[in-house]
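Visitor: Could you take me on a close look at the place where the ligand sits? I would like to know what surrounds it, and then what lies elsewhere in the chain.

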Amino acid sequence: MTNVIETNGLAKGYGRTQALQPTTLHVPEGAVFALVGHNGAGKTTLIKLLMNILHPSAGSATVCGHASHSLSGDAFQNIGYVSENQELPEWMTVREYLDYLQPFYPEWETETLIQALDIPLDRRLKHLSRGMLMKAALASVLAFHPKLIVLDEPFSGLDPLVRDELIEALIDVVNGEEGRPPVTILISSHDLAEIESFATHIGYLNHGKLVFAEEMSSLNARFREITVTLEGSGQGVPPPASWLLLERSSSVAKFVHSQADTEPVAEQIAAVFPGSGEVTMEPMTLRTIFLALARSGRAPIDIGDKDVRTKDKTRRRA
Ligand SMILES: Nc1ncnc2c1ncn2[C@@H]1O[C@H](COP(=O)(O)OP(=O)(O)OP(=O)(O)O)[C@@H](O)[C@H]1O
């Protein structure tokens, strides 16, 4: 499958701050790739590097077949970028702004979008609420049918209704129109429930490091929340590296298994908690996975190869 975005050791430092550690990432055509991570994790840095707003300290990237450092006018015919802090000509009305953009794009179409998103055409951009401004920005991008849509925190500070409208508009784009090539979306967001509802791939950044990047279906398959009744359990071996231990009392141990689809879970439990009783295993939402990673105070470290190591602190708590 063609990759619309490829990075190879892409990195960005600011003095002693490593905003993005060397990152190798592939975003396949047609994916809705969600970038998640705490504040300051490096999401915006990665997006700005891809959009040629920042220059990398190391590594390289290609976006829609162009080296990211050479992206310019023509390439942006195929790339729509919306960021929460984007500067817009705020003295213009929405209509003036859209009319100004139209001549740059041969396939410009706004009518349906304006209706679907209920955008007030005659209001100046500076008088739009945050939600309306985001809708206008999204409309200005969807109007020219880009092959790649890059959205940095599009839902931040929006009410649930506006968020839903934006997501609906994006889902329509993903579902596509007959005869059009598939659209790829790269989106950074803290709204995990929304992201989960339509992302096909997920990349988790932590302190500038891409901890994992994989299909949502693979993430959903490997993470499980497990509760073990410990009555009468003896002291076994330390937990495997793939466990994120969340709580343990004398009667119950609760943990998250990050490789439940490939590792022998029952054997592991028997070895760690010999003589343990009932075991329950629950699928997890993206939000609970994210919280478990955060609460465990560490995260799986290697990308893709499922080699997940645990800090000593976690082992001691077990
Ligand atoms: N111009 C800059 N100079 C110095 N440090 C910077 C600069 N821009 C970003 N950083 C640092 O780089 C790191 C990554 O920032 P970035 O904005 O990419 O994070 P983020 O994941 O987008 O965060 P958020 O979710 O809060 O938007 C942070 O530690 C931030 O303080």
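**Around the ligand**

Guide: Happy to! The ligand is surrounded by Tyr14, Thr17, Ala19, Gly37, Asn39, Gly40, Ala41, Gly42, Lys43, Thr44 and Thr45; a residue counts as near a molecule if its C-beta atom, placed from the backbone, lies within 6 Å of it. Before going on, please note that this is a predicted model, in which local features need pLDDT of at least 70, side-chain atom pairs count only at pLDDT 80 or more, and totals for chains, interfaces and linings use all residues. Residues are numbered from 1 along each chain as its sequence is written.

By class, the shell around the ligand has 3 nonpolar, 7 polar and 1 charged residues. Here Ala, Val, Leu, Ile, Met, Phe, Trp, Tyr, Cys and Pro count as nonpolar, Asp, Glu, Lys and Arg as charged, and the others, Gly among them, as polar. Strand E2 (17-28) and helix H1 (43-50) each supply at least two residues of this shell, and H1 gives the most, with 3 residues. Such helices (H or I, at least four residues) and strands (E, at least two) are DSSP runs, numbered from the N terminus.

The UniProt record, an unreviewed entry, annotates residues 5-232 as "domain: ABC transporter"; its positions are given in the numbering used here, feature names are shortened, and annotations may be inferred rather than shown by experiment. The end C-alpha atoms of residues 5-232 lie 53 Å apart, and the span is 29% helix and 30% strand.

Now look at helix H4 (residues 130-142) and helix H5 (residues 160-175), which pack at an angle of about 10° with their axes 10 Å apart. Axes are lines fitted to C-alpha atoms, for helices over the stretch in contact, and angles run from 0 to 180 degrees between N-to-C directions. H4 and H5 are therefore roughly parallel to each other, a term for angles under 35 degrees, while those over 145 count as roughly antiparallel, 65 to 115 as roughly perpendicular and the rest as oblique. Gly131, Met134, Lys135, Leu138 and Leu142 of H4 make the contact with Val162, Glu165, Leu166, Ala169 and Val173 of H5, where contact requires C-beta atoms, placed from the backbone, within 7 Å. That contact has 7 nonpolar, 1 polar and 2 charged residues.

Finally, an open sheet of 4 strands has the order E12-E13-E11-E14, with antiparallel pairing; two strands pair if DSSP finds at least two bridges between them. Its edge strands, E12 (243-248) and E14 (279-283), each pair on one side only.

Key
Contact = placed C-beta atoms within 7 Å.
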